[in-house]
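I am opening a notebook on a structure that is new to me, and I want to record what I look up, one entry at a time.

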Amino acid sequence: HVELAGFFRTCYGPTGVFNAKPFEGSRSWAGARPELRAIGYDSSGVAAHMGLLRRFIKIGAVDLLVVELGLYGVRPDLEGLGIGHSIRVMYPVLKELGVPFGFGTVRPQLEKHVARFSRNGLLTILSGLRVRSTLPDARLDKPPTRIEDALIVVLPLARSMSDWPTGAIIERNGPEL
């Protein structure tokens, strides 16, 4: 966890000090703890990471089992080398989990980065939705949930994209991954 925490501070720090803060010390997760991790290593240590967590989300009146994808990162010195295509390597593992969809959220600034994966039909990017999440730590000075405008990434695994429910808000039923 110490090595992973350092990796996330290196990856997320340039996007803002607040983004690296959850990884102070040896904590290698920001919100919900992943049940499965895909970690790529090279001679310099951790090269890439993706975390997975099965959970129910609610879209409109529909409870939907998904595998949430998060804690995605590529070491800055490897950016632009195609390591982001590691999601293709993860696809068979995701299918083995027996859930209908993969689900994740990304900041709007990453739209061009994830759009490359949507060109070949591997995933679909949805915009104009809001996501409500529980804060990872209870605080008396803040509300227990946060609502974000994020891009939604959906990977059809056992069902087709036409089966994805419609709704304006997604209830994450816990903290983000």
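Predicted model: local features only at pLDDT ≥ 70, side-chain atom pairs only at ≥ 80, totals over all residues.

**Entry on one leucine.** I looked up what surrounds Leu 94 and, leaving aside its neighbours within four places in sequence, I found it in contact with Leu 52, Val 67, Leu 69, Leu 155 and Leu 157.

**Entry on the cores.** I then asked which residues have the most contacts inside the largest nonpolar core.

**Entry on a serine.** Is Ser 133 buried or exposed? I located Ser 133 in strand β6, which covers residues 130–134, and I read a relative accessible area of 1% for it; because buried means under 20%, Ser 133 counts as buried. Its side chain is joined to that of Arg 172 by a polar contact of 2.6 Å. Not counting residues up to four places away in sequence, Ser 133 touches Arg 172 along with Pro 144, Thr 145, Arg 146, Glu 148, Gly 174 and Glu 176.

In helix α1, residues 2–12, I marked Leu 4, Ala 5, Phe 7, Phe 8, Cys 11 and Tyr 12 as buried. Looking down the axis of α1, I see these buried residues fall within an arc of 160°, so they line one face of the helix. I set beside this a general point: an α-helix has 3.6 residues a turn, so residues three or four places apart point the same way.

**Entry on the whole chain.** I counted four helices and nine strands, and from the N terminus on I wrote their order as α-α-β-β-β-α-β-α-β-β-β-β-β. The radius of gyration is 16 Å, close to the 16 Å that the globule rule gives for 177 residues, so the chain is as compact as a globular protein of that length. Along its principal axes the C-alpha trace spans about 45 × 45 × 30 Å, and buried residues make up 40% of the 177 residues. Among contacts between residues at least 6 apart in sequence, I found that 67% join residues at least 24 apart.

Technical notes: Residues numbered from 1 in each chain as written. Heavy atoms only, no water. Core = buried A, V, L, I, M, F, W, Y, C linked by side-chain atoms within 4.5 Å. Buried < 20%, exposed > 50% of the residue type's maximum accessible area, 1.4 Å probe, protein only. Contact = heavy atoms within 4.5 Å. Helix = DSSP H or I, 4+ residues; strand = E, 2+ residues; numbered from the N terminus. Polar contact = N/O pair within 3.5 Å; in protein donor to acceptor, adjacent residues only side chain to side chain. Arc of directions from axis to C-beta. Rg over C-alpha atoms; globule rule 2.2 N^0.38 Å.
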